[in-house]
Amino acid sequence: MITAEEMDFDFTEEIEEAVEQGFSACFQCGTCTARCPSGRVSQYKSRQLFHMAQLGLKDRIFESEDLWSCTTCLACMKNCPWEVKTTDAIIKMRMLAAHSGHVKLEHQPLIKSLLSYDNPWLQPRSGRTRWARKLDLKDMSKNRGDVLYYVGCTAGYDPRLWEMTKSVIEIVTSAGVDIGYLGKKEECCGGTVRGIGHPDIFERLARDNTELFDKSGAHTVIYSCPGCLNTQKNAYATILDINQRRMHSVEFVAELLKEGRIPLKEIEAVVTYHDPCHLGRHCNIFDAPREILKSIPGVEFKEMQFIRENSWCCGAGGGVKTGFKDRAVDMAVRRLEQAEETSAEYIVSACSFCYQNLLDGIARSGSPLKMIDIMELVKEAMKNGGD
Amino acid sequence: MQAALDVADKGFKVVLLDKSPSIGGSMVKLDKTFPTNDCSICTAAPKMVEVGRHPNIDLLTYAEIAQVEGDVGSFRVTVWKRTGYVDPAKCTGCGDCVDCCPVEVPNEFDAYLSQRKAIFLQFPQAVPSVYTIDIDCCVGCGACARNCEAEAINFLDHSQEVEYEVSSLIVATGFTVLEPTEMLYGYGEYPDVITALQYERLLSASGPTQGEIVRPSDGKKPKRVAWIQCVGSRSPKYDRLYCSRVCCMYATKEAMITRDHHPDIDTTVFYLDMRAYGKGFEEYYNLAEDMGVEYIRSRPVEAFKKENGNIVVVYENTYTGEVEEREFDLLVLSTALIPSQVRKLSEILGIDLDENGFIKEKDVVFAPFETSREGIYVAGCSQGPKDIPDSVAQACAAACKALIDVRNKEPEKEKHTVQEKEPGDNPRVGVVVCHCGKNIAGFLDVEEVTEYAKTLSNVVYAEHEAFACSEDAQVRIKEAVEKNEVNRLVVAACSPRTHAFLFQQTLADVGLNKYLFEMANIRNHCSWVHSSDRERATEKAKDLVRSAVKKVGLQEPLHEMEIGVSKRALVIGGGISGMSAALNLARLGMYVYLVEKEKTLGGNLTNVHVLFPSDIPAKNVLQPLLKKVKEESNIKVFLNTTLKDISGYIGNYEAVLTMKGKDKKIEFGTIVVATGFSEVEPYGKYGYGEHKNILTELELEKKLKDKKVPNYKTAVFIGCALSRCEERPFCCRIGCGNAVKNAKLLKEKNPDAHIFVLYRDVRTFGKKEEEYYEDVQRKGVKFLRFTEDKEPEVAVKDGKITITVFDQFLQENIELPADLVVLNAPLEGDDTAEDLKKLLKIPLGEGRYFMEAHAKIRPLDFPTDGVYLCGAAHSPKGIADSVSQAVGAASRAAVPMMKGWVTIEPITSFVDADLCSGCGICIQVCPYSAVEKGADGKSHVIEALCKGCGACGATCPQGAITMKGYTDAQLETMVDTLLEVSS
């Protein structure tokens with residue numbers, strides 16, 4: 001039984017102000033829930049979360065794990081026929097929750113890590129340079145350069161992703177581009193922590209990184225993680241000036257390929273491509289990775305059924321990888337099943353987070369698919385390099 | 001068509017343009033119409049033929065307006081009349097041209113489910129019934145011209161500009177349906193995802209599959225069909241907020257018809273709010289559920305095709321919370337109704353469009369049939385989505401306004417029809433047996449019946465026709481009648497109720513008395529009820545034809561009476577409908593007696609605070625209207641007055657009005673019933689009567705007006721209190737709008753208050769209403785949905801009200817302390833309706849609302865001639881719809897009055913004074929008071945009132961009464977012949 005005392009309409013209004021009175025007009029059609037990846041592996045119904053918010057059931061929401069179930073994949077928001085800013089409302093709710101001391105238990109180490117080490121993995125700052133040790137990569141926190149590679153915390157610290165980061169450097173350098181990174185000065189982009197409701201920490205990280213970018217003299221910043229790209233291109237723009245061209249490495253490499261600066265040889269691979277939520281729905285980048293895949297001779301590219309704006313989230317985003325470890329992998333397994341229907345050998349992605357989570361999914365389900373990042377594939381196909 | 005007929009029937013000239021080769025619009029594409037499930041074309045075709053042959057209507061099809069200059073009263077219109085390269089005078093409609101045409105293009109009439117040739121006839125009952133060459137896809141091979149025996153094709157013909165001078169224009173360009181290729185349902189990608197209009201074509205006997213429900217992909221019968229509602233409507237994402245108003249009903253209809261034809265097909269409708277708001281709609285919806293149509297409250301996110309070819313619909317059931325991916329064989333999308341290419345037209349006409357591209361009305365509430373330019377009116381879906389009866393009412397209203405612009409011109413007298421010739425003594429009977437497409441021919445052997453007819457005595461001609469009601473069939477019938485000197489006609493086809501007048505007019509056109517005619521109903525009485533026994537159905541059809549031939553052989557010519565019609569009208573009810581009807585009748589030049597039972601005019605509107613969805617204070621609408629009525633010299637207002645007694649018939653009524661004991665006699669020609677509605681106090685429901693702050697909607701309106709609303713921190717509105725239940729299975733139509741409107745008011749009055757609306761469905765279907773509903777939600781009013789089986793509980797204890805509602809979306813009970821509770825109480829027809837029913841002999845139906853002549857195409861007429869209906873007396877409705885109906889009723893009532901006379905059908909009874917004993921039983925049994933005792937003590941029939949029901953003829957113990965057209969001799973011979981064994 002819900003009583004009137006539980007209804008705090010100030011809470012509702014706060015959220016509505018932030019999302020321009022969107023969800024008060026929601027009449028509960030269920031479109032969002034039907035498309036929610038988190039809902040498919042749990043009891044979470046995004047529609048009910050919004051209805052509770054409409055009714056101001058603040059305490060219920062704060063105490064429920066539903067609030068933390070969203071991966072911020074944006075499928076609901078893109079599909080909502082009433083154009084309600086659903087994901088933004090959830091992030092605002094998380095902010096209000098965090099503000100009143102409600103933080104998901106599993107997120108607490110993540111937040112503490114950011115406060116102490118500028119990364120969410122409880123790793124030392126110097127660990128950020130390990131993957132590049134043998135590369136003689138320019139440190140643009142000290143020297144100026146043209147193009148800055150923003151590695152991101154996941155790729156920076158997870159050895160499983162270092163083939164990918166090294167590939168980026170190899171590809172770009174072979175095309176004659178002057179590239180560098182920020183070494184151990186690089187700080188977390190702040191995307192996740194913003195997504196789980198801590199705008200203050202996010203702002204601090206944003207300012208630090210932006211200062212470093214501006215000092216580096218780079219005209220372009222490229223990324224491996226679309227989460228970082230989305231955060232630093234879109235979210236940062238809400239509070240700071242953006243003085244560099246910010247692109248995902250797939251966009252950058254696609255350009256180089258078009259200009260003929262990366263000669264390719266033939267490789268044999270049957271691949272399918274998973275559109276990461278933050279690259280696709282958040283940044284509208286669907287074509288660049290496909291152009292790359294189609295331009296590699298010998299690669300047979302098979303599309304999945306749910307692609308582009310219709311892609312299904314791998315399950316890692318929005319703090320869910322940390323907050324609901326098993327559920328994140330459940331969602332990955334689901335996505336892998338969809339990929340398996342193409343009979344491809346490789347599942348290609350362009351996101352550090354998706355890579356990690358899908359890899360965990362493959363380990364759990366024993367899927368025959370092999371996880372590979374698009375940069376690794378390009379490196380394989382390079383005439384002057386790779387094996 | 002309705003607008004044109006309303007003008008033409010009054011004696012004025014109309015030019016009717018349609019850019020298609022045939023008139024009929026969208027209605028002829030439908031299989032059946034809700035909520036009566038009447039065959040759509042059967043209802044529309046007689047109107048089409050009436051238009052086609054009306055002497056005052058200049059019908060120009062395959063034509064468009066090119067230019068309009070001038071002003072109201074004298075517009076100069078240039079029409080571009082395209083040529084179809086076929087001479088209508090020569091074309092026999094044989095169809096040989098179609099067979100040899102090499103070009104195939106998508107057939108827009110079948111909503112692109114089939115192909116047509118470059119030369120084509122849109123549908124069998126097309127008016128005019130002339131084949132047309134679509135020159136845009138014709139390759140010029142000339143095969144059609146070479147094969148045309150009638151030499152009707154002329155490639156040298158050219159399109160022309162025709163100029164007209166008209167006083168006013170009416171736009172009625174209708175709608176088209178959205179093709180949702182940008183949405184995630186797979187339309188355009190999967191052939192088994194179709195629009196509801198395409199499904200309609202599948203259901204239609206004249207459609208691409210002759211009425212068989214099959215999947216477009218493999219031609220197999222589907223086992224599971226799903227409908228998705230609100231596709232493209234109520235979707236700001238796709239730039240359309242508005243509700244398309246008719247989809248809930250037509251999807252229900254399609255599902256019902258599917259279940260009816262094939263009880264083994266599962267039907268599922270995914271809906272958001274079931275907008276079954278109209279007359280008979282809620283009952284229809286209940287019937288659909290009883291028939292096993294499944295309704296799931298959800299908006300599916302997408303549909304995709306599985307490898308096995310089935311369509312998977314992905315949705316969340318918003319009641320149970322379950323997310324499902326369910327397989328169907330066929331997916332039907334109820335897509336938005338969108339304006340039919342009016343942008344260019346609006347520029348030519350110089351009229352404004354609204355934000356959705358529909359024609360912008362001058363005033364949404366008060367003048368929905370007027371455009372932004374004087375002298376140009378609008379009707380039907382071109383102004384906004386609506387169903388057939390609302391379109392028809394609006395069309396009549398537009399016709400009324402258009403004629404007011406012409407008021408100083410005298411109507412033309414109708415041209416004389418063909419001179420009638422004597423039939424001769426020996427009956428020479430012609431028999432036409434109709435296939436009715438597959439409706440009859442699919443179930444009995446029409447050709448065998450025709451051959452049989454030839455063997456009957458007196459039959460000199462017998463032929464069968466695919467569609468006897470089509471225009472070209474009339475041509476052939478006329479030719480056959482003349483060639484064979486036929487003097488009596490039998491048509492074995494469908495129901496005389498819908499088609500008799502059509503064939504009668506055909507006879508009149510060749511100089512035969514139109515009563516030398518008989519229809520044998522071998523459809524309703526044969527093919528429809530004996531669909532499983534072809535042999536015996538054929539035998540029965542022969543019996544029916546034989547008996548019709550016998551009867552018509554004894555038929556003598558009958559002659560219609562013409563009676564004059566007084567130019568005075570009586571309008572009963574002085575609310576907004578009554579006043580609007582009265583004003584418009586006056587402007588058409590009639591004299592009106594406006595009778596109101598209360599001490600002031602205004603009706604229920606007097607107690608309304610503001611209107612929905614315009615937010616205009618009711619008094620801003622009422623005061624000017626009262627002033628206009630007062631200043632109109634052609635209206636005489638009677639307050640505190642009711643109708644005491646009435647006698648007479650159309651054109652010639654005498655009535656006694658009574659006012660506070662004093663009587664007054666008046667005479668007039670027609671009557672408009674506008675008695676409105678009353679609110680039923682829902683005692684026993686939701687605590688009504690237990691607390692002074694539990695009010696009905698009207699009670700709240702009054703308090704708002706008088707600024708006496710009690711203080712509230714929480715106000716709760718509860719919908720459907722004692723409506724939409726077993727006791728009262730109908731919808732009050734305006735409750736949701738009122739609740740939403742007043743919820744907004746209460747929120748604005750006290751922004752800190754918590755306002756809740758508890759509802760079953762939100763029925764904000766009208767123009768601007770959906771946008772209003774969104775706005776109210778944005779203002780912080782909370783909407784909680786409950787279902788019929790789990791209604792809210794209202795507990796009153798120690799002066800405190802507590803409401804417990806089971807919120808379907810959270811699947812949990814919510815407890816609300818309420819300071820003010822407002823109930824949507826049921827609305828019923830005014831309590832004077834019972835008296836009026838007896839006095840005027842008009843039928844009263846459910847909810848104490850009057851029953852119109854035909855639910856779809858005659859909403860403003862009664863079966864009794866001369867009496868008309870409008871406003872809430874018909875069924876509850878908002879102001880805009882009431883005003884449309886009221887002005888429409890004025891138009892209807894003005895038809896006989898402006899014309900000046902009516903024809904009385906001669907199927908009446910006749911008393912043989914020699915045999916009459918003066919017992920008077922016939923007087924007692926006559927339901928129409930059409931028999932009276934004369935000075936000679938014998939019974940006399942008032943022919944103008946007699947409806948030919950036969951009650952008197954059956955009761956007369958002396959056998960003194962004969963029914964003209966159904967004499968004893970005729971009936972006896974029919975019975976005798978039916979009992980014979982057919983050879």
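The following legends describe close-up views of a predicted model.

In this predicted model, local features require pLDDT of at least 70 and side-chain atom pairs count only at pLDDT 80 or more, while totals for chains, interfaces and linings use all residues. Residues are numbered from 1 along each chain as its sequence is written, chains are lettered from A and ligands numbered from 1 in the order in which they are written, and side-chain values use heavy atoms, with hydrogens and water left out.

**View 1. The open four-stranded sheet of chain A.** The strand order is β8-β7-β9-β10 (chain A), and the pairing is parallel. Strands are DSSP runs of E with at least two residues, helices are runs of H or I with at least four residues, and both are numbered from the N terminus; two strands pair if DSSP finds at least two bridges between them. Axes here are lines fitted to C-alpha atoms, for helices over the stretch in contact, and angles run from 0 to 180 degrees between N-to-C directions. Strand β7 (residues 269-273) of chain A is joined by three bridges to the parallel strand β9 (residues 346-349) of chain A. A:Tyr346 in β9(A) is the bridge partner of A:Val271.

View 2. Of the 10 residues of helix α14 (residues 249-258) of chain A, seven are buried (buried means under 20% relative accessible area, exposed over 50%, partly exposed in between, with a 1.4 Å probe and protein chains only). The buried residues are A:Ser249, A:Val250, A:Phe252, A:Val253, A:Ala254, A:Leu256 and A:Leu257. The elements that cover them include β3 (147-150), α10 (162-174), β5 (220-223), β6 (245-248), α15 (287-295) and α19 (374-381) of chain A. A:Gly260, with a positive phi near 75°, follows α14(A).

**View 3. The enclosed helix α19 of chain A.** Seven of the eight residues of α19(A) are buried, so the helix is largely enclosed by the rest of the structure. These buried residues are A:Ile374, A:Met375, A:Glu376, A:Leu377, A:Val378, A:Lys379 and A:Ala381.

**View 4. Packing of helices α1 and α21 of chain B.** The axes of helix α1 (residues 2-9) of chain B and helix α21 (residues 879-899) of chain B come within 8 Å and cross at roughly 30°. The two helices, α1(B) and α21(B), are therefore roughly parallel to each other (angles under 35 degrees count as roughly parallel, over 145 as roughly antiparallel, 65 to 115 as roughly perpendicular and the rest as oblique). B:Gln2, B:Asp6 and B:Asp9 of α1(B) make the contact with B:Ser891, B:Arg892, B:Val895 and B:Lys899 of α21(B), where contact means heavy atoms within 4.5 Å.

**View 5. The open five-stranded sheet of chain B.** Its strands follow the order β14-β21-β15-β16-β17 (chain B) with parallel pairing. β14 (193-195) and β17 (294-297) of chain B are the edge strands, each with a single partner strand, so one side of each lacks a neighbour in the sheet. Neighbouring strands of this sheet are turned by 25° against each other on average, direction ignored. Four bridges pair strand β16 (residues 266-271) of chain B with β17(B) in the parallel sense, and B:Val269 stands opposite B:Tyr295 in β17(B). Helix α5 (residues 196-203) of chain B packs on the sheet and touches β14, β15 (224-231) and β21 (330-335) of chain B, its direction making about 90° with that of β14(B).

**View 6. B:Gly357 in a loop of chain B.** B:Gly357 lies in the loop between α8 (343-349) and β23 (376-378) of chain B. The relative accessible area of B:Gly357 is 8%, and the residue is buried. Between B:Gly357 and B:Pro339, 18 residues apart in sequence, the C-alpha to C-alpha distance is 6.2 Å. Apart from neighbours within four places in sequence, B:Gly357 is in contact with B:Pro339, B:Val342 and B:Arg343.
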